Structure formats: structure tokens, C-alpha cells
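Please look through the sequence and the structure shown below before reading on. The report that follows moves from the overall pattern to single residues.

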Amino acid sequence: MKSQPIVGAAVFTAVMEAAGYRCQCHGECGNPHTKGEGRCPHEHDHYTSKHGRLVRLMAAPVDPLATDVAAARLPASELRTWCPDCHTAAARLARKHLPAAATGQRGLFDL
């Protein structure tokens, strides 16, 4: 592993080793990941494709909508490895499926 964060390196390393330095998304992002046999094929410090960008995986909660404060309190056993693309897409999908009352948004005809 070439890169790791300065802060929380022990937690980051524990999560990455448990995941085999590979994104643990199994379709929560909406992508079936058919090329990775159901699991995202992105690996830490590898390129996305021949002309792609370098992938930097992150250790984040299983729930992509968890706040930063809640995530900082979790032990390594409750974190998983995410690539930025899968984490963003999973959060977007989770937000989309929340009821309007949970997001604080009102419907068009709610008075």
C-alpha cells in the first residue's frame, strides 16, 4: 500500500486489510458490478482503467448517510471500504429512498 491517511492510519489499515484493499460495495450504489462478480472491482492505489484516475479507497460506515461525527466514533469493525464513486452513489440512492419527513422537506401541497 503506497498511500494512507496520516490521521487514523491504524483504523484505516485494519479496515483495508479486512477488505483485501478492495471496495466492499455489493451493489448499494445501484451498479450490479458484473465485472467484479457482484463486488466493486476498484482496488486501493490502482487505476480505474488504462486511462483512468488513481483510486483512493476510504474507510466509512456501512450506512452512507452517517454523519462525520458518528463515523469518527465507530470502531474499525463497523466500517467498510468504499471507493468514492460507490459511496457517493450509495448515499444518493439512500437519500432518495428516505421519506420526505426524514429529510425535513415538505411536499408540494403540504401546508
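Read along its sequence, the protein follows the pattern α-β-α-β-α-α, which comes to 4 helices and 2 strands; here helices (H or I, at least four residues) and strands (E, at least two) are DSSP runs, numbered from the N terminus. This is a predicted model, in which local features need pLDDT of at least 70 and side-chain atom pairs count only at pLDDT 80 or more, while totals for chains, interfaces and linings use all residues. Residues are numbered from 1 along each chain as its sequence is written, and side-chain values use heavy atoms, with hydrogens and water left out.

Of the 111 residues of the protein, 31% count as buried, where buried means under 20% relative accessible area, exposed means over 50%, and partly exposed lies in between (1.4 Å probe, protein chains only). Among the contacts with a separation of 6 or more, 50% come from residues 24 or more positions apart, a contact being heavy atoms within 4.5 Å.

**Helix α1**

Helix α1 covers residues 9-19, and its buried residues are Ala 9, Phe 12, Thr 13, Val 15, Met 16 and Ala 19. These residues lie on the same side of α1, because they cover an arc of only 165° around the axis, the arc being that of the directions from the helix axis to the C-beta atoms. The face turned away from this buried side carries the exposed residues Ala 10, Glu 17 and Ala 18. What covers the buried residues of α1 includes the strands β1 (58-61) and β2 (79-82). After α1 comes Gly 20, whose phi is positive, near 70°.

**Helix α3**

Both β1 and β2 are also among what covers the buried residues of α3, and these buried residues are Cys 86, His 87, Ala 89, Ala 90 and Ala 91. The 13 residues of α3 should span 18 Å at 1.5 Å a residue, and its end C-alpha atoms are 18 Å apart, which agrees; the expected span is 1.5 Å times one less than the number of residues in the helix.

Within α3, which covers residues 84-96, we find His 87. Which residues does His 87 touch, not counting residues up to four places away in sequence? With that exclusion, His 87 touches Met 58, Ala 60, Pro 64 and Trp 82. The relative accessible area of His 87 is 17%, and therefore His 87 is buried.

**The loop between α1 and β1**

The loop between α1 and β1 holds Gly 27, His 33 and Asp 45. Although neither is a glycine, His 33 has a positive phi of about 50° and Asp 45 has a positive phi of about 65°. In general, most residues other than glycine have a negative phi.

| Residue | Relative accessible area | State |
|---|---|---|
| Gly 27 | 27% | partly exposed |
| His 33 | 6% | buried |
| Asp 45 | 12% | buried |

Leaving out residues up to four places away in sequence, Gly 27 touches His 33 and Gly 38. Gly 27 and Cys 86 are 59 residues apart in sequence, and in space they are 8.4 Å apart, C-alpha to C-alpha.

**Cysteines**

How many disulfides does a search of the whole structure find? The search finds 0 disulfides, a disulfide being a pair of cysteine sulfur atoms within 2.5 Å. Cys 25 is in no disulfide, and the nearest cysteine sulfur, that of Cys 29, is 3.7 Å away. With a relative accessible area of 0%, Cys 25 is buried. For Cys 40, the closest cysteine sulfur is in Cys 86, and the distance of 3.7 Å is too far for a bond. Cys 40 also counts as buried, because its relative accessibility is 2%.
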